[in-house]
There are 2 protein chains.
Amino acid sequence: MPQYFDRRNLDFLLYEVHDAPELTKYLYFEAHDRETFDLVLDSVTQIADTLMHPHYRDVDRNPPELKDGKVTVHPQIKPFLKAVGEGGLIGAGFPFGKGGQQLPEMVGACVDFIQMAANNGMMYTGLTSGAANLIATFGSPALVDAYVAKMLGGQWQGTMALTEPQAGSSLSDITTTAEPQPDGSYRITGQKVFISAGDLDAVDNVVHLMLVRIKGAPKGTKGISLFVVPKFRLEEDGSFVDNDVTSTGIYHKLGQRGTPAMHLTMGDRGDCHGWLLGEANRGLSYMFQMMNEARIAVGITGAAIASAAYCASLEYARERPQSRRLNEKNQLDSPQTMIINHPDVKRMLLFQKAIVEGSLSLLLESARLSDLAHVSKGEEKENYTLLLELLTPVAKTFPTEMGVRSVNEGLQVLGGYGFTEDFPLEQMYRDIRITTIYEGTTGIQSQDLLGRKMTIQGGKAPRLLFAEIDKTITEANTHETLQPYAKMLGEEIQRLQKVTSTLLPFAQQGDYERFLMDATLYMELFGLVTVAWQWLKQGIVAQNALSDNSPGESNTDFYEGKIQTMKYYFHYEVPKTLGLAKRLQDPEVLTIVKEREVKM
Amino acid sequence: MPQYFDRRNLDFLLYEVHDAPELTKYLYFEAHDRETFDLVLDSVTQIADTLMHPHYRDVDRNPPELKDGKVTVHPQIKPFLKAVGEGGLIGAGFPFGKGGQQLPEMVGACVDFIQMAANNGMMYTGLTSGAANLIATFGSPALVDAYVAKMLGGQWQGTMALTEPQAGSSLSDITTTAEPQPDGSYRITGQKVFISAGDLDAVDNVVHLMLVRIKGAPKGTKGISLFVVPKFRLEEDGSFVDNDVTSTGIYHKLGQRGTPAMHLTMGDRGDCHGWLLGEANRGLSYMFQMMNEARIAVGITGAAIASAAYCASLEYARERPQSRRLNEKNQLDSPQTMIINHPDVKRMLLFQKAIVEGSLSLLLESARLSDLAHVSKGEEKENYTLLLELLTPVAKTFPTEMGVRSVNEGLQVLGGYGFTEDFPLEQMYRDIRITTIYEGTTGIQSQDLLGRKMTIQGGKAPRLLFAEIDKTITEANTHETLQPYAKMLGEEIQRLQKVTSTLLPFAQQGDYERFLMDATLYMELFGLVTVAWQWLKQGIVAQNALSDNSPGESNTDFYEGKIQTMKYYFHYEVPKTLGLAKRLQDPEVLTIVKEREVKM
């Protein structure tokens, strides 16, 4: 029984549903094939099995400490970072020329998924690769030389330093300041909060990719620049000196305790040097490269924790005897049945499976779009990019919001034991809770989806998406057993389009508050439908395998499980769109206030 | 701003909506009036403000410890128990003749609510009063004399000792054994797990109300007896000796850490004495008295934690500036607005308020039925009892399941700060999670609702309920502004009845597994409709106050807030019935397995 993820399912999604090897037809990925992908997955599983998963509980119980300005993390972090750095896993997606393995994002997504399912408290490498990628993309050759190799090697940690005490969701209110110096560097002063992996003793240096306002820059997001601000800076004599980034505070968190969240102060002594990345005042658009990657990564984390929870719940449900089946209630001489045989428990497990595997499929769909955009040109590239932009907030939100609910149900499967530290569910319930907040809360993602992604280029992105979904529906219709589900999905698309057309006029009238009033419910509706599409895709592949081949007993069980879970999703989850659509089309306005401040 | 509950709202529900003073017309309650009720509420608020709420965080951070067989609890527990014992609050609902104040359950529910909102980690008194009530009801005069006064005085703690390692949801599998002795007592051997307040050093004795099987008793629930098993037993010479109940283990819990959950072993030395309560083999039916009270009490705990979370979220949302309003996004010179003015945040707060106040109203409705059943006779008494029995699983489940979601949204209001220990939301998120498990999980409550309460006496209980709801609809129809909501509620009742009539035939065919397959979804539907009824009741009272009187500014705000929240509930929550009803009427069976053990 899998401990925290199901490799069979990962292979199914990566190879059978989303056909990662197809990417190797493109020149950029031609060095790869399924074998090299498998090697990477085996290698990360080995690290996850030995260096991550055994410490899941322990890393949580011994969180980082800040003492005398120094942050000590769990002793397991250092060997872990060494192993992934030396194994080339941090920069696996980087081009060969920049120290990477030129692997597709699809494989990178699986690498992240396995790691976060094993131990999401060790959330370090995604931050480092994202930060290194920004330097590699926008940095001068000198900056690239100085930073990228050390970061990909796991010796230096990367961070994204965006949030300030007064600027969380509202990045336009950032006040950290950069003052230009004659030597081309800048002096940085200000504060950043909630900086994940913002300081730790397991690496030699920490490299902050920091949003900063250059003195005199325009107000708002148009005056934000991106800087590289290291903990230790390289002097001309080759020595490293303290760069005046002080760890002012460490947050005590509900979960994901293995990774420190830091409050940092820059320039207490007036000696914090920063280096501008790319052009001045374009920092936010650069940062969005990392932020979009990070949003997908948070989605992966949500799906991964939900996966680990599903494995734990399933194991418990298969081994825990309790009560007799409802039609055999009075057969007191017969032994108790395993709780998986109670319909209510089976329902909760199917919910968990539907969320985990539906989310992962959506995430791999997004990674595939990223890969295809990377290797395409012209209109094709533009279309892939648009589709990816549309799906990114959904791929961040569905796996996290539904992941929270799924872990919650997973804990319920264990009853009272789920509430105790004897089982990992209580920790997963704590860990996953941050994912709907990280990298833009659900509210922010929802405004991005409805307020931007649905409307750019006159709604081209959703048109492209619906065309893709239509292809899936057409294919599903070739199987008699899938026709009812193809029909349901078609109806859901119509419902979603109807809801959208009810809302768009508010945007056209310039009333964005009304337009986006219930954006979060719109996101929920959109996510339900998008994942229904992913389940129909999975259903087609499973049905093909069952119809055409002789898959063998264990494969038959696997594919039948897929069909069963697809049915569960359509019969139990999809109907929730009815209530959401009703509310979204309801003209009653209850949450917009007339006055400046509302009474409650 | 209220810190953890809103007294104005409590007064509204207790006096304006559910008219507690009406009870004082009955002989049994004639010593009381609104003034005596207020005195009790003031007195418990005083204790909650001084001895409970200031220690909310601290009690969580210093959980009970088991060392050398002794359980040490937080030092604050002892003065708290002393205060509530001396203040007469533990036995407030007991008759005058049994050391109580003969207060209605309605007031008792408010007492519990205030305490649990202040600090649900100090969950001791409800257990003691429930256990004492069992002894007072079914015990011999000697048992009553020996136990009740000490328990109501707060010197002795009471517990309900039901669960065993192999018997959680399945009480019929209890194996703890009693062997009769010549002196009339019994020798007890066995194990109990998850015993809340099962051992603590803040009291002189712990009195377990324990489900036990007398040697040779019939199998299943028909062979279970109820015993009083104290930690220290009184010898004939007046001394107390150790009664061979060993604290074998203590659970480390996700939340509600102030109250120890114990693993107890009885009779390790063969010297554990127990005293039979009432008749042999009728223990489970006796225990149901305490269990039904406890179910309501758990519902109250859910509503109370959700109340404290709502107060904390509301305070934060009123004081936290972030971003500008969506239609003023580009006015970068204007200060940031308070987040309560963002529709998405307002929606989350309205959700919290709707759940907290809707739940509390349902709980007071249930308490009122209990009071009326107590003072009535004949058919009237039977009807009140039936209604209470029908509503009990709902009053346990809606406030806890929706409470979990409500605290989850409350944490989201605070963004990243909600995930840190700087704010209480993270603790509330942990604390409330046990409430959907305690005293019968949501799955068990749902089977009780659909499988028993909807069918007893040919469906008399739901008929009585729908008649009550009809009265509310009729009254609402006298206000033009409430007519749309009266109409909606009427439609929801029809929908619920239609769903019920789709399911009942399975019971008539004896296929209980199919009948109860989706009982949890049925519960969700039933709860949504029942609380819609409670919101319409509140709407009527608020509308009357706004129409008939000159309520004054602060009262106008209060009543308008009620109308607003009622509308929120009908426009945002009630539509969820559509998806639930669709699923419940859908013939597709996905969770019932043919074989003895299911593959997944």
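Which residue does A:Asp518 form a salt bridge with, and how far apart are the closest N and O atoms? Some notes on this predicted model follow, starting with that pair.

1. **The A:Asp518 pair.** The partner is A:Arg583, with the closest N and O atoms 3.2 Å apart. A salt bridge here is a side-chain nitrogen of Lys or Arg within 4 Å of a carboxyl oxygen of Asp or Glu. Buried means under 20% relative accessible area, exposed is over 50%, and partly exposed is in between (1.4 Å probe, protein chains only). Helices (H or I, at least four residues) and strands (E, at least two) are DSSP runs, numbered from the N terminus.

2. **Ground rules.** Residues are numbered from 1 along each chain as its sequence is written, while chains are lettered from A and ligands numbered from 1 in the order in which they are written. As the model is predicted, local features need pLDDT of at least 70 and side-chain atom pairs count only at pLDDT 80 or more, though totals for chains, interfaces and linings use all residues; side-chain values use heavy atoms, with hydrogens and water left out.

3. **The chain A and chain B interface.** Here 102 residues of chain B are in contact with 103 residues of chain A, contact meaning heavy atoms within 4.5 Å. The two chains bury about 9300 Å² between them, with 53% of that on carbon and sulfur atoms. Buried area is the accessible area (1.4 Å probe) that two parts lose on being put together, summed over both. For polar contacts across this interface, the rule finds 47 residue pairs (both at pLDDT 80 or more). A polar contact is a pair of N or O atoms within 3.5 Å; within protein, one must be able to donate a hydrogen and the other to accept it, and residues adjacent in sequence count only if both atoms are side-chain atoms.

4. **Charges between the chains.** There are eight salt bridges between chain B and chain A. B:Arg325 pairs with A:Glu513 in a salt bridge, with 2.8 Å between the closest N and O atoms. There is also a salt-bridge network linking A:Arg57, A:Asp60, A:Arg61, A:Glu421, A:Glu426, A:Arg430 and B:Arg257. Over all chains, the whole structure has 80 salt bridges.

5. **Two salt bridges inside chain B.** B:Glu382 and B:Lys460 meet through their side chains at 3.9 Å, N to O. B:Glu382 is partly exposed at 33% relative accessibility, whereas B:Lys460 is buried at 18%. The other salt bridge joins B:Glu524 and B:Arg405 at 3.5 Å, N to O. B:Glu524 is in helix α16 (residues 519-548) of chain B and B:Arg405 in helix α10 of chain B, 119 residues apart. B:Glu524 is partly exposed at 25%, and B:Arg405 is partly exposed at 34%.

6. **B:Gly527.** This glycine is in helix α16 of chain B and is buried, with a relative accessible area of 2%. Apart from neighbours within four places in sequence, B:Gly527 is in contact with B:Val394, B:Phe398 and B:Tyr569.

7. **Helix α8 of chain A.** This helix (residues 283-319) has 37 residues and spans 53 Å from its first C-alpha to its last, close to the expected 54 Å. The expected span is 1.5 Å times one less than the number of residues. α8(A) bends by about 30 degrees at A:Gln289, the bend being the angle between axes fitted to the seven residues ending there and the seven starting there. Of its 37 residues, 28 are buried.

8. **Two buried polar residues.** B:His208 is in strand β6 (residues 205-214) of chain B and is buried at 1% relative accessibility. Its side chain makes a polar contact of 2.9 Å with the side chain of B:Thr159. A:Asp199 lies in the loop between β5 (186-196) and β6 (205-214) of chain A and is buried at 4%. The side chain of A:Asp199 makes polar contacts with the side chains of A:Lys231 (2.7 Å) and A:Ser247 (2.6 Å).
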